[in-house]
Amino acid sequence: MTVNPPASASAQSLCKRPGCGNTTPARDRGRTRVFCSDDCARRYHNDARVPASPALLPADPAADPLAALDAVIRQAAVLTRAARDQAAGLDPARVRAQIADAEAARRRAEAAAVTAGARAAEAGAETQALAEALDAAREDTRAAQAQAAQARDEALAAAAGLKQARADAAAQVTAAQAAADAEVSAARTETARCTRERDDALEAARRAEAEAVRARQAEADARAETDRARADAARERDTVREQHQAQLDAVAALTAAERARAERAEHLLETERADRRHLTTALTAPASGNGKLPRATAAQAGQQ
């Protein structure tokens, strides 16, 4: 099936009202519009109306000639506009555009008719398919009814078997209940024995816990005693170390004092020796010609 495409935007024409300049809206079907809006159409027809021709000259010769000239000019403008609109309506390009729009509308109508025929054929095919589906559904319904009857018979047989199974199950349940009662009694006896053993084990665990607590306490006491002994030994060691250090400091101080005293004594001894050497030198020096000692020797002797 071939469908003609709708008129493109290039086929749109300008509004017929002079001075508007807007394009007319495109339409898929129907008559092609020549005005962009109803307002433009109304204004175009109002302007196209030719008013009643007034007398070119006033009846009164004394009337103003300027008013008469103004009336003639307005009438000429209206007639000129009407003539321009009629000439625009007879424009070959516009006529060709209108003919093309009409041809496109005819083609669209033919395409719509072909489409409607195709849809009718498709609807007929669908109707035939629905009829066939209905026949198949009826056959399926009859087969389902037969299967339902067979299932009903099978359900009756299953109900009888279920009744027999219930009777057998009741007997088995009774036997199983008796066996369960015997097992429950034996389990209760075993549970009582296990409970006694559990109580004995709990008591033994309590005693073991108490022993462990006492052992931990004794261990803690021994650790504390060991810590105290270590602390006492550390204090005694520090005391002995301080005493030895004090003794060493005292010995070092005494040694330094003795060394200083010895150095002072040695210095005094050296000084005394030097004085004696000077005195000996002065005494052993020869006397001068006047029988007097030298001045330096006399001064040293006076100091002695």
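**View 1. Salt bridges in the predicted model.** Counting a salt bridge wherever a side-chain nitrogen of Lys or Arg lies within 4 Å of a carboxyl oxygen of Asp or Glu, the total comes to 17 salt bridges. The model is predicted, and local features need pLDDT of at least 70, side-chain atom pairs count only at pLDDT 80 or more, and totals for chains, interfaces and linings use all residues. Residues are numbered from 1 along each chain as its sequence is written, and side-chain values use heavy atoms, with hydrogens and water left out.

**View 2. Glu203 and its two arginine partners.** Glu203 forms a salt bridge with Arg206, in which the closest N and O atoms are 3.2 Å apart, and the side chain of Glu203 also meets that of Arg207 in a salt bridge (3.8 Å, N to O). Because Arg206 and Glu203 are three residues apart in helix α3 (residues 92–284), about one helical turn separates them; helices are DSSP runs (H or I, at least four residues), numbered from the N terminus, and strands are runs of E with at least two residues. Arg207 and Glu203 are four residues apart in helix α3, so they too are separated by about one helical turn.

**View 3. The pair Arg276 and Glu272.** In the salt bridge between Arg276 and Glu272, the closest N and O atoms are 2.6 Å apart, and the two residues, four apart in helix α3, are separated by about one helical turn. Relative accessible area (1.4 Å probe, protein chains only) classes a residue as buried under 20%, exposed over 50% and partly exposed in between; Arg276, at 54%, therefore counts as exposed, whereas Glu272, at 37%, counts as partly exposed. Elsewhere, salt bridges that share partners join Glu190, Arg193 and Glu197 into one network.

**View 4. The largest nonpolar core.** Seven residues, Cys15, Cys20, Phe35, Cys36, Cys40, Ala41 and Tyr44, make up this core, a nonpolar core being a set of buried Ala, Val, Leu, Ile, Met, Phe, Trp, Tyr and Cys residues joined through side-chain atoms within 4.5 Å. Apart from its neighbours within four places in sequence, Cys40 is in contact (heavy atoms within 4.5 Å) with Cys15, Arg17, Cys20 and Phe35.

**View 5. Leu66 and the rest of the chain.** Leu66 lies in helix α2 (residues 65–89) and, at 62% relative accessibility, counts as exposed. Buried residues make up 7% of the 304 residues in the chain, whose secondary structure comes to four helices and zero strands.
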